[in-house]
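Please keep the sequence and the structure at hand while reading.

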Amino acid sequence: MYTRCRVCAGKVREFLDLGNQPTANGFLLPEEVDRERTFRLAVGVCDECAMVQSIEDVAPGVRYHSGYAYHASGSAGHRQYFARQAQRMLATELAGRSPFIVEIGCNDGVLLEHVAAAGVRHLGVEPSTAVAELARRKGVQVVTEFFDERTAAAIRAGHGPADVIFGANTVCHIARIDSLMRGVAELLTPGGVFIFEEPYLGTVIEGRAFDQIYDEHDFYFSVTSVHAMAQRFGFDLVDAEHTPLHGGEIRYTLARAGTRTPRPAVAHLLRDEQVRRLSAPETLDRFGTHVRRVRDDLVTLLRDIRDRGERVVGYGAPGKCSTVTNYCGIGTELVPFVCDSTPAKQGRLVPGSHIPVRAPEAFADPYPDYALLFAWNHADEIMAKEQRFQQSGGRWIRYVPEVRVD
Ligand code: SAH
Ligand code: TYD
Ligand code: ZN
């Protein structure tokens, strides 16, 4: 259990306990239920550097393995987004002579496939073997390792320094972030950049996206906490931009201290977070109160629907759905199954709550009265695809930022 900050060793004050939870992407077969492990899911904030982080630690090997179920290419929106990100880097940071990019957590190659197609030197670092294999089939070079200072040194020795180190939805997953930062310092060229985009603390706290809290997310970054972390490891935060994935993220750019002039956005966002008191104790405590109310409202709604004899089906089985169902105590008596387009999740059970995951075809067979939208961050894409559900009288239930029925 951590009571000391993983970044600066300051004191971490707990502000929310989401109860006993399994690993959120550990979709399991019915016969594996007995072997499932749980741990306490709680988050706190560092008094010194304002980094919001999980209190408990789950060994990386328990979370990322051959059966790791998250496929980044599963959403058309994500595919388009990362294609654009790749083109942008190819036109800027990777436009020099023989550039080299390392991606931490390349998953199924959703970004690097475009870099590979452009013939640019690259290396994905991806410990989950099955998704790494999917990337390789797209022509992406991958090493199946956990990125840390040791692997960074090995990559430098084998390939030379990297002009860009990139990570999306991965840096916040790495508990030993001190080792990661030392690895970045080791691997980056003198003028290189470390770009990472991750769920934003503002989205979680102000946007009430409490289901972003699960075991894989060791950190909930803010511009304030990343700025402090950068300095501690010899970097400057030179840019910070809002980006749209997962309900709202920030894309941070770090460069070695003194090598680049920070863009005005950095000072602006730092000031803004201070004015909003984003990581102040009263803000975080208010968030906790709100989360408990959402839980009560959602459970009441689902029980009412059940008592009226109407049907609810879950839509999407993201990692987030483990947090919500387990925190609220929602099982098959309230939501008999969820539909998800990821083949690796189908035929398995949602971790902890053990709600079966079925293919999307089960959704229309016949349509339920209500669909509980666990994949709420893909609402536009999903609702456009499922117009017939609503036309046939079906209604969507959402619980972020609060419970509502459309
Ligand atoms: N970049 C993709 C995938 C994010 S999922 C996207 O934005 O959608 C996070 C990925 O990080 C998983 O594939 C996981 O296996 C990988 N990962 C976890 N710990 C890692 C580490 N220490 N080094 C490299 N990759 C890691
Ligand atoms: P996502 O929110 O991207 O990830 P996380 O696990 O990090 O919270 O997951 C969305 C899930 O929703 C994923 O399992 C795929 C599923 N999905 C569908 O079933 N249908 C769809 O149309 C879309 C866009 C996603
Ligand atoms: Zn700290």
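Which element gives the largest share of the shell around ligand 2? That share comes from helix 12, with 3 residues. The model is a predicted one, and every value below is computed from it.

## The site of ligand 2

Among the 20 residues around ligand 2, those that come nearest are Gly319, Lys320, Asp340, Lys345 and Lys385. Glycine 319 places a backbone N or O atom 2.7 Å from an oxygen atom of ligand 2, and a polar backbone atom of serine 341 is 2.9 Å from an oxygen atom of the ligand. The side chain of lysine 385 also takes part, with an N or O atom 2.4 Å from an oxygen atom of ligand 2.

The protein buries 95% of the 560 Å² that ligand 2 exposes when taken alone. Two elements give two or more residues each to this shell, namely helix 11 (319-328) and helix 12 (379-385). By residue class, the shell around ligand 2 divides into 7 nonpolar, 8 polar and 5 charged residues.

## The site of ligand 1

Around ligand 1 there are 20 residues, of which Asn107, Glu126, Ser128, Phe147 and Asn169 come nearest. The side chain of glutamate 126 has an N or O atom 2.5 Å from an oxygen atom of ligand 1, while a polar side-chain atom of serine 128 lies 2.8 Å from an oxygen atom of the ligand. A nitrogen atom of ligand 1 is also involved, at 3.0 Å from a backbone N or O atom of alanine 168. Of the 580 Å² that ligand 1 exposes when taken alone, the protein buries 97%. The shell around ligand 1 consists of 12 nonpolar, 6 polar and 2 charged residues.

## Aromatic pairs and charges over rings

The count of aromatic pairs comes to 16. One of them joins tyrosine 315 and tryptophan 396, whose ring centres are 5.5 Å apart and whose planes meet at 65°, so the pair is edge-to-face; the angle required for that class is over 60 degrees. This pair links distant parts of the chain, with tyrosine 315 in strand 12 (residues 312-315) and tryptophan 396 in strand 16 (residues 395-398), 81 residues apart. Both tyrosine 315 and tryptophan 396 are buried.

Elsewhere, ring pairs link Phe194, Phe196, Phe219, Phe221 and Tyr252 into a cluster. Phenylalanine 219 has arginine 6 over its face, at 5.6 Å from the ring centre. Lysine 320, listed above among the residues that come nearest to ligand 2, lies over the face of tryptophan 376, at 5.8 Å from the ring centre.

## Loops and backbone geometry

The bond from aspartate 365 to proline 366 is cis with omega near -10°, and proline 366 lies in the loop between strand 14 (357-358) and strand 15 (370-373). The bond from valine 400 to proline 401 is cis with omega near 0°, and proline 401 has its place in the loop between strand 16 and strand 17 (404-405).

Arginine 277, found in the loop between helix 9 (264-276) and helix 10 (281-307), has a positive phi near 55° and is partly exposed, with a relative accessible area of 45%. Histidine 217, in the loop between helix 7 (201-205) and strand 9 (219-220), counts as buried at 3% relative accessibility, and a polar atom of its side chain lies 2.5 Å from the backbone oxygen of glutamine 212. Glutamate 32, in the loop between strand 1 (12-21) and strand 2 (39-46), is partly exposed with a relative accessible area of 24%. Glutamate 32 and arginine 348 are 316 residues apart in sequence, with a C-alpha to C-alpha distance of 9.8 Å in space.

Key
Residues are numbered from 1 along each chain as its sequence is written. Chains are lettered from A and ligands numbered from 1 in the order in which they are written. This is a predicted model: local features need pLDDT of at least 70, side-chain atom pairs count only at pLDDT 80 or more; totals for chains, interfaces and linings use all residues. Side-chain values use heavy atoms; hydrogens and water are left out. A residue is near a molecule or strand if one of its heavy atoms lies within 4 Å of it. A polar contact is a pair of N or O atoms within 3.5 Å; within protein, one must be able to donate a hydrogen and the other to accept it, and residues adjacent in sequence count only if both atoms are side-chain atoms. Accessible areas come from the Shrake-Rupley method with a 1.4 Å probe; for residues, only the protein chains shown count as cover. Ala, Val, Leu, Ile, Met, Phe, Trp, Tyr, Cys and Pro count as nonpolar, Asp, Glu, Lys and Arg as charged, and the others, Gly among them, as polar. Rings of Phe, Tyr and Trp (its six-membered ring) pair if their centres lie within 6.5 Å; planes under 30 degrees apart count as stacked, over 60 as edge-to-face and the rest as tilted. Helices (H or I, at least four residues) and strands (E, at least two) are DSSP runs, numbered from the N terminus. Buried means under 20% relative accessible area, exposed over 50%, partly exposed in between (1.4 Å probe, protein chains only). A charge sits over a ring if NZ of Lys or CZ of Arg is within 6 Å of the ring centre and within 35 degrees of the ring normal.
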